[in-house]
Amino acid sequence: MDLSVIIVSYDSRFFLELCLRSLKESINKIESEVIVIDNNSNDDTINMVESLFPHVLLIKNKINLGFASANNLGVKKAKGKHICLLNPDTVVPEDFFSRIIKFKESKNSIGIVGCKMIDGQGKFLPESKRNLPNTLMVLKRFIGLKNNYYFDNIYKDEISAVDVLCGAIMFLEKKDFQKVGGFDEKYFMFGEDIDLSHKLLKQGLKNYYLGDLSIIHYKGESTNKNHKYYKSFYGAMGIYYRKYLANNILNKLLSYITIELIIFFKSFTIASRLNFEKKHKDCYLISDIIYDGLKNRVSKQINSIQKLSDKLENCEIIFDSNYLSYKNIICAMEKFSNNNSVIFKIIPKTANFLIGSDNSREHGQVILFDLNK
């Protein structure tokens, strides 16, 4: 088997459905399998996967093992030569795997391959390519100062070897993942991708960023920025610092104290935010299907992305993936990403909901509608 796609899911039912539907289009000509590891979700994830995607190998954990441990479990079950670790809140274009496999086979000594990620507003996510942390970077990151955390030596559209790739999308050979021991399970969430990137670099392999290949990563679906988030995020940085950078017991002890102080102050300053759906002047639906259930929302239906003006403002664009390719949807989101007042939603294939995210720091939005009305 050529490929195993491994997705760890926790309470991401609707975004996971969109992800799996986009995956179906991208692997249909590849000998592959899809493995979903559910970390004891409280939503309808299990029923959705079993009823809509019976071909998916579903692993149902009784407890939340965390991202690193659950991925390691998925890799053990994987039969593919290559594995792709993918977040449930991602959307991939139809040619994604054919292009990434072709690139992987064109070079020697490749560790991880990643790509350009955009958020739900079509904006580039700088964590797509990062530098390997050093002590000064970690300290600056801890206290919120500007640092060289992101790999800014190349433009976002370039192809280059980089230090660190994002755990939301990691493509590599299963044997290389296993050779370095997989993800370090001391990381519950965050940091495991930096650690894995580091371990593969130490093996003499190169990690590559493909800036000409884009996916959507809604990002906000995985975490809420609360006390638990900050504890996981800064705790992961502490694990990495003590593992690779701290050179004595005193530095390791100081890192524990520093992290606890940062978590306390970050959590203390969390501001309560109420989410209200902003009313936009116009709503464009790009489709050849008449959805009666969306008539009250849609102000204009068109049959081509090219008919949208480059000067759009204060509007919502709904892409129907029953009509448009995921690749065209992703390209359009990037094209209009500079228009801050334009937001995007997607109708997944054969689904009765719209889905999107207007802010990568918060959870996305799911809007159900009746297909029969």
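Modeller: A disulfide here is a pair of cysteine sulfur atoms within 2.5 Å. This is a predicted model, with local features needing pLDDT of at least 70 and side-chain atom pairs pLDDT 80 or more, while totals for chains, interfaces and linings use all residues. Side-chain values use heavy atoms, without hydrogens and water, and residues are numbered from 1 along each chain as its sequence is written.

Colleague: How many disulfides by this rule?

Modeller: The count is 0.

Colleague: Switching to rings. How many aromatic pairs?

Modeller: The structure has 9. Rings of Phe, Tyr and Trp (its six-membered ring) pair with centres within 6.5 Å; planes under 30 degrees apart are stacked, over 60 edge-to-face, the rest tilted. F67 and F183 have ring centres 5.9 Å apart and planes at 45 degrees, so they are tilted.

Colleague: How many residues apart are F67 and F183?

Modeller: 116 residues. Both are buried.

Colleague: What about F177 and F183?

Modeller: Their centres are 5.5 Å apart and the planes at 85 degrees, so that pair is edge-to-face. Ring pairs join F67, F177 and F183 in a cluster.

Definitions and conventions. Helices (H or I, at least four residues) and strands (E, at least two) are DSSP runs, numbered from the N terminus. Buried means under 20% relative accessible area, exposed over 50%, partly exposed in between (1.4 Å probe, protein chains only).
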